[in-house]
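Subject: Structure handover

Dear colleague,

Please find below the structure I promised to pass on, followed by an account of what was found in it.

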Amino acid sequence: VARDFSFGIQSFGMTCAAITIFGLQVPLDYEALIWVTTGGLFGLVGGLLSISPYLPPAYAKLLFVSVWMTFAVALFKINSRGRDRRVYNSSMESDQALTDSMMAMTEHGSSEEDEKEKVNPI
């Protein structure tokens, strides 16, 4: 009974989330969805075939709860930043922003003293 109830609640919640996403016309990054779905399918099949037969049920439940707790803590930390965080509409846009910030961090001018230290560190 508890298992059926949890499946029912999950199905109801996911259906409501999908209706909300489509109803509010939230922009979706289809490239990211394809990659996540592909990785999830390989992970699901691999886990069911190679790990699940050897994992006791109590450990499986503990692993599930640990993953969800980690997700909850990460989501809390992200959302506790306030409204100053940047939200990107696509993975390409976020990749470009990451590349730009990495380039900005690595582009620092070197002085003549820095050049001397590279040649003769003594």
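I begin with Q25, which sits in the loop between α1 and α2, where helices (H or I, at least four residues) and strands (E, at least two) are DSSP runs numbered from the N terminus. Please keep in mind that this is a predicted model, in which local features need pLDDT of at least 70 and side-chain atom pairs count only at pLDDT 80 or more, while totals for chains, interfaces and linings use all residues. Residues are numbered from 1 along each chain as its sequence is written, and side-chain values use heavy atoms, with hydrogens and water left out.

Q25 follows α1 and has a positive phi, near 55°, although Q25 is not a glycine. Most residues other than glycine have a negative phi. Q25 is exposed, with a relative accessible area of 67%; here buried means under 20% relative accessible area, exposed over 50%, and partly exposed in between, with a 1.4 Å probe and protein chains only.

I21 belongs to α1 (residues 2–23) and is partly exposed, with a relative accessible area of 33%. Leaving aside residues up to four places away in sequence, I21 touches V26 and L28, contact meaning heavy atoms within 4.5 Å.

For the protein as a whole, there are 5 helices and 0 strands, and buried residues make up 2% of the 122 residues. The accessible surface comes to about 11400 Å², of which 69% belongs to carbon and sulfur atoms, as computed by the Shrake-Rupley method with a 1.4 Å probe.

The largest share of the lining, 6 residues, comes from α3. As for α3 itself, the count of buried residues among its 23 residues is 0, and its end C-alpha atoms are 33 Å apart, which agrees with the 33 Å that it should span at 1.5 Å a residue.

With best regards

How values were computed. The expected span of a helix is 1.5 Å times one less than its number of residues.
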